[in-house]
Structure formats: C-alpha cells, structure tokens
Amino acid sequence: MPGDFIGVGVGPGDPELITLKAARYIQNADVISYIASGNGRSQAKVIAGAVLKDAVANQREIPVVMPMCEDRSIANKVYDEAAEQIQQALNEDKTVVFLCEGDPLFFGSFSYLLERIQENNPCQVVPGISSVNAAASALQLPLTILKESFVVVSGRHTEEKLCEALLQHDSVVIMKAGRSRQKIVNALKQSNRLADANYLEYIGRENEVIYQDVDQLPDESGPYFSLFVVLRNERDQS
Ligand SMILES: C[S@@+](CC[C@H](N)C(=O)[O-])C[C@H]1O[C@@H](n2cnc3c(N)ncnc32)[C@H](O)[C@@H]1O
C-alpha cells in the first residue's frame, strides 16, 4: 500500500495563517517536498518554518528546483522528475507532504504533480488561505457584494484580454503582476478603471507594500509576489 501524497496550503505569508490541520500534516510527514528557485529558496518552506521546527525526527526533503522561465517543456520535465522521486518515497510507504504557498489548487504548481501522481496513489489536499483573500483583508474591502461579478486573471494575458476582463466585471483580481506591471497599468487606464485599482505586494509579510492610488506606483517591474485588486469605487447596493 503506497503512502499518501498530500498538498498542504500554508497561506500567503503570515505564519499565523497556517491552519491547525496543515501544521499537523507538516509535522507528521515522513517527507517534505516544495518548489524551490535556482538558489534553493522556497517561499512555502519559509512560511512553514516555525511549524517545521516541531516536525518528526528524520524528516526527509525533496526540493523541486524550478528554473525561472516560461518554457512549459522545461517545467514539465522538472515535474516528471519530481513525480518520480515522490513516487519512490510513496512506494516505500512514506507520507509525502507538498508545501504550497497560499492554496494548493489555486494557480499552484501542486496541480501538475497531483495529475501525475493521483492515478496510482492515495492523495489528499489541505486548503490554504489564498493571496486573494489575504489581499481583501489587508485592504479591508469586500471582494464582491450582492450582484457584482468577480473574476481572477493572470497578468500574463495580453493588454487587450486584461481590458476585456476589466470592462466586463465589477471586481477583478490580476495575479502574477510583477513583470506585467506596466501592461496592467495601461489596461487599467484604457478601461477607465485606474481609480478602482489597488496594488499589493508581499501581503502578510514584513515587507508588505500597498498602493491604493495606483497612479503613484513607480514605473518599473514589481516582485513576483504582487497583484492588483480592482473594485468598483461606487458600489451598486440594490
Ligand atoms: C503561482 S501563484 C500562487 C497563488 C497561491 N497558490 C495562492 O493561493 O495565492 C503566484 C502569484 O500569487 C500572487 N501572490 C501569492 N502570494 C502573494 C503575496 N503574499 N502577496 C502578493 N501576491 C501574492 C502573486 O500574484 C503571484 O505572482
């Protein structure tokens, strides 16, 4: 009987937003896996740091080193190799917890491992608080009310696609804003929604930054952990 493969959401950055269930699974896992950058750094592992201190003895790690590039064939090769390593541990009846920043199934790399592993192994998913919910809390603004429509899009879409979403929906969250910042600001101007926009980076972390006047944003790329939340200034209460 293989061990369980468990995707565990650790939330957007504030360690106090890790759920009790997530902490329990992390501490009891035989193997901890996570996405790491070329320098070995993993945001999810940093967030889970305090919980990992109390983990069982001899906990092994499987870091999944992902190069910073948008070539899907390279990413797929990394996922194939990681899935093989994880499968070996599962075959030894080990429980493997995959740490996920935010929620595991919301724009998460865990999805690509789950689809490779779930056919032959028992799997579980522990939801986490996503950056979208953390953004609304940081702004103290409702994401949607009453009949408002709400959409989440990636900042990697074309300016035209972003405009379409901004014109069509009341509330729009634009993820992966870092290198797309200027294109997003252009789309906000073109759709006449600049005044509705908020910009947030590193939500829930020590270096959190919030701009509620997006016109003041520096004219440069932002960090990977950044997003825009666009909400109607005048909300229809009917
Ligand atoms: C691969 S997605 C992961 C989303 C994550 N699974 C979640 O539930 O929020 C990464 C994107 O999420 C957003 N993000 C995640 N955490 C964030 C944070 N603490 N502050 C700002 N944006 C964040 C950024 O837009 C970033 O480019």
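Visitor: By class, how many nonpolar, polar and charged residues does the lining of the second largest pocket have?
Guide: Please bear in mind that this is a predicted model. The lining of the second largest pocket has four nonpolar, four polar and four charged residues.

Visitor: Which residues line the second largest pocket?
Guide: The lining consists of G13, D14, P15, R41, Q43, V46, I47, Y202, G204, R205, E206 and N207.

Visitor: And what is the volume of the second largest pocket?
Guide: Its volume is about 200 Å³.

Visitor: From which domains does the lining of the second largest pocket draw at least three residues?
Guide: Domain 1 (5–126) and domain 2 (131–230) each supply at least three residues to that lining.

Visitor: Turning to the largest pocket, what volume does it have?
Guide: The largest pocket has a volume of about 1,400 Å³. Of the 46 residues that line the largest pocket, I35, F107, S109, Y224 and F225 are the closest to its centre.

Visitor: Which elements give two or more residues to the lining of the largest pocket?
Guide: The strands that do so are β2 (31–36), β4 (96–100), β8 and β10, and the helices are α2 (43–47), α4 (72–91) and α5 (110–117). The lining of the largest pocket also draws at least three residues from each of domain 1 and domain 2.

Visitor: How do the residues of that lining divide into nonpolar, polar and charged?
Guide: For the largest pocket, 25 lining residues are nonpolar, 10 are polar and 11 are charged.

Visitor: Let us move to the domains. What separates the centres of domain 1 and domain 2?
Guide: The domain assignment of the chain gives domain 1 as 5–126 and domain 2 as 131–230. Taken over C-alpha atoms, their centres are separated by 27 Å. Nine residues from domain 1 and 13 residues from domain 2 take part in the contact.

Visitor: What is the strand order in the open sheet with parallel pairing?
Guide: That sheet has five strands in the order β3-β2-β4-β1-β5. Strands β3 (60–65) and β5 (123–126) stand at the edges with a single partner strand each, so one side of each is left without a neighbour in the sheet. From one strand to the next, the twist averages 20°.

Visitor: How many bridges join β1 to β4?
Guide: Five bridges join strand β1 (residues 5–9) to β4, and the two run parallel. In this pair, G7 stands opposite F98 in β4.

Visitor: Which strands does α4 touch as it packs on the sheet?
Guide: Helix α4 touches β1, β2, β3 and β4, and its direction makes about 170° with that of β3. Helix α5 packs on the sheet as well, touching β1, β4 and β5, and the direction of α5 makes about 165° with that of β1.

Visitor: Now the other sheet, please. What is the strand order where the pairing is mixed?
Guide: The open sheet with mixed pairing has five strands, ordered β6-β7-β10-β8-β9. Its edges are β6 (150–154) and β9 (209–211); each has a single partner strand, so one side of each is left without a neighbour in the sheet. Here the twist averages 15° from one strand to the next.

Visitor: Do β8 and β9 run parallel or antiparallel?
Guide: Strand β8 (residues 197–201) and β9 run antiparallel and are joined by three bridges. Within this pair, E201 stands opposite V209 in β9.

Visitor: Which strands of that sheet does helix α8 touch?
Guide: Helix α8 (residues 181–190) packs on the sheet and touches β7 (171–175), β8 and β10 (226–230). The direction of α8 makes about 10° with that of β10.

Visitor: A last topic: backbone angles. What is the phi of D93, and where is the place of D93?
Guide: Phi of D93 is near 70°, a positive value in a residue other than glycine. D93 lies in the loop between α4 and β4.

Visitor: And what of L146: what is its phi?
Guide: Phi of L146 is near 45°, which is also positive in a residue other than glycine. L146 is found in the loop between α6 (131–139) and β6.

Key. Residues are numbered from 1 along each chain as its sequence is written. This is a predicted model: local features need pLDDT of at least 70, side-chain atom pairs count only at pLDDT 80 or more; totals for chains, interfaces and linings use all residues. Side-chain values use heavy atoms; hydrogens and water are left out. Two strands pair if DSSP finds at least two bridges between them. Helices (H or I, at least four residues) and strands (E, at least two) are DSSP runs, numbered from the N terminus. Axes are lines fitted to C-alpha atoms, for helices over the stretch in contact, and angles run from 0 to 180 degrees between N-to-C directions. Contact means heavy atoms within 4.5 Å. On a 1 Å grid over the protein atoms alone, a cavity is a set of points where a 1.4 Å probe fits but cannot get out, and a pocket is an open set with protein on both sides within 12 Å along at least five of seven lines; lining residues have an atom within 4 Å of a point. Grid points are joined across faces, edges and corners, and a volume is the space filled by probe spheres set on the points. Ala, Val, Leu, Ile, Met, Phe, Trp, Tyr, Cys and Pro count as nonpolar, Asp, Glu, Lys and Arg as charged, and the others, Gly among them, as polar. Domain bounds come from an automatic or database domain assignment.
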